[in-house]
Amino acid sequence: MLEKLEEVKRNIQREIKSITALKDAEQLKIKYLGRKGIIHDFMKLIPSLPAEQRAAIGQRINSLKAEVTHTVEELSLKAEVTHTVEELIKKFSGEATSKAKHEVFDITLPGKRPLVGKKHPLTQTIDDIKEVFARLGFDVVYGPEVESEYYNFEALNIPADHPSRTDFDTFYIKNDILLRSQTSTVQIRVMEKQKPPIRIIAPGRVYRPDTVDARHSFMFHQVEGLLVDEGVSFADLRGVLNQFIKTYFGQDVQMRFRPSFFPFTEPSAEVDISCSLCKGSGCSVCSYSGWVEILGAGMVDPNVFKSVHYDAEKYTGFAFGMGVERITMLKYGINDIRLFYENDIRFLSQF
Amino acid sequence: MKISYNWLKEYVNFYLSPQELADKLTNAGLVVADIHSVEDDFCLDVEVTSNRPDCLGVIGIAREVATMVGASVQLPETNYINTNIDVSKLISIAVEEPILCPHYTARIVRHITVKPSPDWMQKRLKCIGLRPVNNIVDITNYVMMETGQPLHAFDLDKLSDQRIIVRRARGGEEIVTINGASRALFHDMLVIADSKRPVAIAGIMGGKDTEVSASTRNIHLECAQFEPRQVRRTSKVTGIASDSSYRFERGVDPEGVELASKRAVKLIKDLAEGEVANGNIDVRLERYETKKITLRVERLNKVLGLEIKRIKRTVASDILKRLQFNVINEVDTFIDVEVPSHRGDVNREIDLIEEVARIYGYNNIPTKTSISVRGSVKSKYEIVEDSVRQFLIGIGYYEAKTFSIVDASPLQSVNLWSDKGGIDIANPLRQEESRLRTCLLPSLIHTKIYNMNHGVERVKIFEIAKVYLAGEKLPQEKTCLSILADVDYLTLKGIVESLLTCLGITSKCEWMIFGGSILFKADRSAKIQLGNNVLGYIGEAKELELKTSPCMVELDMDLLVKMSNFSKKFQTLSQYPPVLRDLAIIVDEEATWASIEKCIAATNVSYLTGINFFDIYRGKQIPSGKKGIAFNLCFQAQDRTLKSEEADIALQKILNALQETLGGELRKQ
């Protein structure tokens with residue numbers, strides 16, 4: 001019995017050496033370890049052996065069994081890679097193996113792409129802006145687009161017949177109801193409902209009766225920002241906007257504040273960034289100035305606080321507003337604002 | 001405002017190239033939008049914000065330049081020799097509306113020679129885009145551009161009775177203005193009239209009849225102030241926007257009349273000869289009172305956020321002095337100033353803070369990064385909006401953005417959400433954009449057509465935007481999600497169903513026959529009911545010159561937000577295998593899947609965990625008027641392997657119910 005087992009072991013070792021493919025290893029496994037395999041045959045003989053031999057023979061069979069299992073496993077692992085490729089070739093070339101063995105699977109054929117859509121580029125910009133300001137603790141709020149003159153003008157320190165109204169041509173619905181010409185309306189709506197501290201941004205659609213051309217649209221998007229608390233300063237405004245600009249446009253982009261005028265802020269500023277296209281050396285995008293205007297900002301005017309019954313001596317705040325189309329056009333070098341509303345798939349799919 | 005580089009140099013000494021000057025002005029808040037050379041001069045196009053009418057004259061710009069370079073402003077020559085004849089003997093003035101015309105002055109020059117103005121003056125006017133007319137008209141324009149104070153010269157001999165009355169227009173009055181246009185005048189307009197008729201629309205434009213012409217010998221030089229809002233209203237109503245109205249609307253220097261009037265007379269005397277009458281007629285409502293403001297040094301630094309490198313009191317007061325503020329009192333903690341009359345925009349401490357900051361340099365103020373820590377949480381609306389977008393772009397849909405203002409065509413007038421009409425714009429630019437939309441789908445159809453015409457045959461698009469429904473005072477703004485895609489009805493319906501699952505909306509929708517509209521095909525459209533609310537409308541698009549027949553859906557986004565539920569709880573996975581039973585039943589053509597589902601649900605059989613439709617068929621084996629529906633049922637227990645017999649009992653119960661309720665017969669294989 002033991003001799004026979006030794007002979008089996010020698011056979012196994014010899015056969016292992018000649019194994020080259022996975023299927024050979026599988027066959028070896030079946031031949032020795034299978035239900036009708038040689039080792040199984042030995043096992044069946046055990047009960048008929050004398051009791052004193054059973055343990056030794058059993059042990060021997062078990063170790064042989066372990067050896068075969070181990071070897072087959074190792075061989076399988078090695079063969080697996082080759083095997084997978086073989087299988088794939090077979091699968092993709094159909095009956096190629098039988099009919100035309102020389103056909104080769106072309107791994108460079110184009111992949112089968114699932115269709116994926118895109119968010120509108122303006123949504124992407126708004127989302128990016130929201131993301132930056134959310135990390136600075138700003139909540140996102142929305143306000144109505146159809147507004148009363150009070151929210152669009154009076155409460156924002158733009159009295160009727162004031163010359164600054166010229167800067168805010170507006171679509172009217174009737175009497176004192178209009179389409180908001182700026183998202184600053186949301187400032188008032190939020191401050192009416194809430195006491196400081198306030199930290200919000202308000203994205204949304206705004207409307208101005210401008211004839212449509214490459215630079216103008218009667219409808220466009222703005223994002224308004226407002227922060228009100230005790231001790232908020234112009235330096236904080238500069239800090240927050242600098243943070244936004246560096247995050248959104250890039251660490252090497254420079255910021256410049258220019259004095260300007262908005263009825264609802266004092267001091268007011270227009271904020272430029274160094275032209276990312278020409279790096280400040282001058283090009284057509286920046287009108288050869290090296291700077292491009294991206295937003296308006298300032299400290300909330302005490303008259304605005306008055307209209308929402310805040311104590312302007314105790315609280316200070318800053319506000320800013322930016323045009324989403326403008327920023328998107330700058331970022332991607334888009335030269336015509338109308339593209340945003342034509343929704344040509346060839347345009348939308350680029351972003 | 002356009003200014004001439006050479007002209008500016010007449011009032012202030014500076015050593016800056018046109019470009020350097022432009023940069024400095026831009027950084028001080030006067031954006032120079034353009035510089036171009038005109039002969040031996042440069043024209044700078046300065047954007048003057050509406051709060052700074054004092055910069056609507058070269059002298060005003062010179063004041064800014066002087067502040068920046070530390071120079072002083074040289075005012076122009078105004079001395080002239082006059083005759084002994086008093087102005088009051090030559091003209092009479094009556095101001096009937098002193099509120100609307102708080103200041104009116106008249107000076108008279110007689111025996112003038114009207115001729116072209118000298119080259120140097122013509123050159124400057126041309127440089128800033130003004131057309132030279134004759135010496136008198138050119139001088140009034142020149143002095144307006146110099147001082148910012150508009151003037152008007154009348155032909156004295158053409159003024160009836162040499163009388164000027166500043167009054168409201170009377171009904172039925174008309175005037176032909178110097179540009180030749182005839183205007184009807186109304187009672188709310190202020191006019192300059194002689195004893196018979198209006199001769200000018202106050203502050204806006206003079207009349208043709210009394211203008212200075214080649215034959216003019218004697219002139220009345222008007223230099224006045226008009227109430228800004230009055231001028232603005234009249235300018236809007238008449239549609240006349242002049243250099244004069246532009247300045248009066250914004251407000252001129254209340255103390256500026258004297259300088260401008262004398263300066264103009266001086267130039268007339270020099271360039272048109274003539275004899276200047278003695279003195280002037282000056283009708284003034286009230287004396288100008290100088291504004292006094294206190295600037296607290298502490299407040300200045302606090303608002304600007306300067307802590308270590310503070311602006312010292314001396315620095316602040318120096319800046320204000322350079323800006324021609326009169327410092328009347330100055331101690332460590334505050335500065336009292338008198339505001340120069342030309343700075344109508346400076347009324348409060350915060351305005352002084354801006355002035356100091358502006359000259360100190362906005363960019364010299366640090367960028368502080370010490371705002372307090374605050375957590376921001378996404379609102380439910382934002383979460384839903386993000387989820388919807390992510391879901392749709394993930395399955396291949398593009399987001400569109402279309403205009404909220406549309407035309408009033410029948411297609412755009414579709415209103416799925418309300419019986420009331422659309423909201424019209426009172427002052428539309430074009431008929432194409434004259435109404436707020438009540439439905440997003442027509443815009444998506446237009447987007448589809450646009451793409452079709454540009455070579456993209458099939459589209460999958462969506463938009464999240466508002467529709468505007470007539471309401472009480474303000475309209476109701478309803479946010480909608482609309483989808484248009486070249487897919488079939490069931491595919492789009494499936495997308496809606498998956499979307500609801502994605503938003504955690506587990507309540508079942510009812511899909512009810514909608515009956516079609518201008519948008520949808522009657523037999524392939526549905527109203528989607530979610531609980532007691534209408535979630536939206538879905539259907540196949542009618543043939544609207546589309547090559548394909550896309551499907552569309554418009555959903556109430558606000559309802560999606562309300563019903564969405566993102567709280568999740570883990571459910572134990574069953575250890576035990578399900579028992580599946582396929583069945584095919586034959587029912588009447590009219591029987592709906594919904595009725596089958598409802599019937600099965602009503603049996604309340606145990607262990608039923610799923611009903612999955614997989615086919616509907618009609619054919620030879622099926623009697624006419626009937627259809628076969630194939631589906632499978634899934635039975636599963638959480639705590640043990642369900643026995644086949646248990647499933648069979650349940651199945652039988654279901655088959656019985658289908659038979660009783662719908663007459664459904666099990667189809668024999």
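A crossing of two helices is called left-handed if the near helix is turned anticlockwise from the far one by less than a right angle, and right-handed if clockwise. By this rule, helix α5(B) passes α8(B) in a right-handed crossing. This is a predicted model, in which local features need pLDDT of at least 70 and side-chain atom pairs count only at pLDDT 80 or more, while totals for chains, interfaces and linings use all residues. Residues are numbered from 1 along each chain as its sequence is written, and chains are lettered from A and ligands numbered from 1 in the order in which they are written.

Two packed helices are described by the angle between their axes and the distance between the axes. For helix α5 (residues 135-147) and helix α8 (residues 257-272) of chain B, the axes come within 9 Å and cross at roughly 145°. Axes here are lines fitted to C-alpha atoms, for helices over the stretch in contact, with angles from 0 to 180 degrees between N-to-C directions. Helices (H or I, at least four residues) and strands (E, at least two) are DSSP runs, numbered from the N terminus. Residues in α5(B), including Ile136(B), Ile139(B) and Val143(B), meet residues in α8(B), among them Leu259(B), Ala264(B) and Leu267(B). Two residues are in contact if their C-beta atoms, placed from the backbone, lie within 7 Å. The residues of this helix contact divide into eleven nonpolar, three polar and two charged. In this count, Ala, Val, Leu, Ile, Met, Phe, Trp, Tyr, Cys and Pro are nonpolar, Asp, Glu, Lys and Arg are charged, and the others, Gly among them, are polar.

Next come the strands. Strands of a sheet pair through backbone hydrogen bonds, either parallel or antiparallel; two strands count as paired if DSSP finds at least two bridges between them. In chain B, an open sheet of three strands has the order β1-β3-β2, with antiparallel pairing. Its edge strands, each pairing on one side only, are β1 (2-4) and β2 (31-38) of chain B. On average, neighbouring strands of this sheet are turned by 25° against each other, direction ignored. Seven antiparallel bridges link β2(B) with strand β3 (residues 41-47) of chain B, and Val32(B) stands opposite Val46(B). Across β2 and β3 of chain B lies helix α2 (residues 18-27), which runs at about 165° to β2(B).

A parallel pair is found elsewhere in chain B: four bridges join β5(B) to strand β8 (residues 163-168). In this pair, Val95(B) stands opposite Val166(B). A residue is buried if 20 or more other C-beta atoms lie within 10 Å of its own, exposed if 12 or fewer, and partly exposed in between, with C-beta atoms placed from the backbone.

The two chains can now be taken together. Chain A has 13 helices and ten strands, and 38% of its 351 residues count as buried. Between the chains, 72 residues of chain B are in contact with 61 residues of chain A. Helix α11 (residues 349-360) of chain B gives the largest share of the chain B side, six residues. That side divides into 31 nonpolar, 21 polar and 20 charged residues.
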